[in-house]
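Thanks for coming. I have a few minutes on a ligand site, so please look at the model first.

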Amino acid sequence: MANNISLTRYLVEQQRVDGSIPSQLRLLLEVVARACKSISHAVNKGALGGVLGAAQTENVQGEIQKKLDIIANEVLIEANEWGGHLAAMASEEMEDIYVVPNRYPQGEYLLLFDPLDGSSNIDVNVSIGTIFSVLRKPDGAAVSEADFLQSGSQQVAAGYCVYGPQTTLVLTVGRGVAMFTLDREQGSFVLTQEHVTVPEDTQEFAINMSNMRHWDAPTRRYIDECLLGAEGVRGKNFNMRWIASMVADVHRILTRGGVFMYPWDKREPHKPGKLRLMYEANPMSWLIEQAGGASTNGHQRIMDIAPAQLHQRVSVVLGSKNEVERLTRYYAEDAAQP
Ligand code: AHG
Ligand code: MN
Ligand code: MN
């Protein structure tokens, strides 16, 4: 890999090679990266910038918003509304879609985001992130919420930015996964890893164990077997990590493998899961698949799910392929029981 390839140069060269990043999409990705840079600065300032703590508001999911949830949402909207590359945006923090105002030209893309993922970690100085997904606006009349209801396999770009010890932007346009580290002196994202791959096997799982008593049978079986370690059917010991920021957990899996699970559970049985399909599970699933991993809700590939609602939730199992396939098998065996 050549030294010091900026995100801009990477996008231009990628377009030259295979035409996968037309100029509107390139502008979009650069603007998202710029927004992430400014969110990263706000995160970095922390208490000095007055950005920590709760706001006095709830979002559409009924969750108390943190100040940074709102700041990150505003940064992404303000950065993206004027460039002419977007028709509309959707966010975890907004009930309705945000249509690009009439005073700006409308572009051909739709942008979805979780502006600040891992909100419970903001105030304790643990890694958090921004997740985004890009769809093409279907042809036709004025943009509407229905235009967003496309399966994950329709995504044209997806990624996240993790605000941790380093700020790293991770991106796919369907030709593998590339990572860019923010160089604060240069003020730009620099390519630091290409052709990211998730090992097919792993000895590390990520799940919130405090929910164990609420899990379904296949999840219990899988984790029970991991916990038995070398003495059990798996014949090897497993390690556990749970950061409670999906971005940070997925970043670890893209870096060294593992399996991440946030399954359906009995606490709120009417909800299919905790995580949101359109702006959490879909973009992460595409990145993981592009890196050679797999992603399922236990019964179906996540990116094949036809969404019915913008904010719908989904059960998630993703990461190292052989582990995801094993869990899928456990779900099938459980469903086949009389
Ligand atoms: P968000 O902060 O955007 O609401 O997302 C938090 C999500 C996800 O990032 C993380 O994996 C999970 O919630 C943590 O949930 P628990 O607190 O139940 O462990
Ligand atoms: Mn989130
Ligand atoms: Mn969030």
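Where does ligand 1 sit? Ligand 1 sits in the largest pocket. A pocket, on a 1 Å grid over the protein atoms alone, is an open set of points where a 1.4 Å probe fits, with protein on both sides within 12 Å along at least five of seven lines; sitting there means that more than half of the molecule's atoms lie within 2 Å of its grid points.

This is a predicted model: local features need pLDDT of at least 70, side-chain atom pairs count only at pLDDT 80 or more, and totals for chains, interfaces and linings use all residues. Residues are numbered from 1 along each chain as written, chains are lettered from A and ligands numbered from 1 in written order, and side-chain values use heavy atoms, without hydrogens and water.

The shell around ligand 1 holds 17 residues, each with a heavy atom within 4 Å. Domain 1 (7–193) and domain 2 (204–336) both contribute, so the ligand lies between them; the bounds come from an automatic or database domain assignment.

Now the polar contacts, meaning N or O pairs within 3.5 Å. Ligand oxygen atoms are 2.5 Å from a side-chain N or O atom of Tyr-262, 2.9 Å from a polar side-chain atom of Lys-274 and 3.1 Å from a side-chain N or O atom of Arg-276.

Key
Polar contact = N/O pair within 3.5 Å; in protein donor to acceptor, adjacent residues only side chain to side chain. 1 Å grid on protein atoms, 1.4 Å probe; cavity = no way out; pocket = protein on both sides within 12 Å on 5 of 7 lines; lining within 4 Å.
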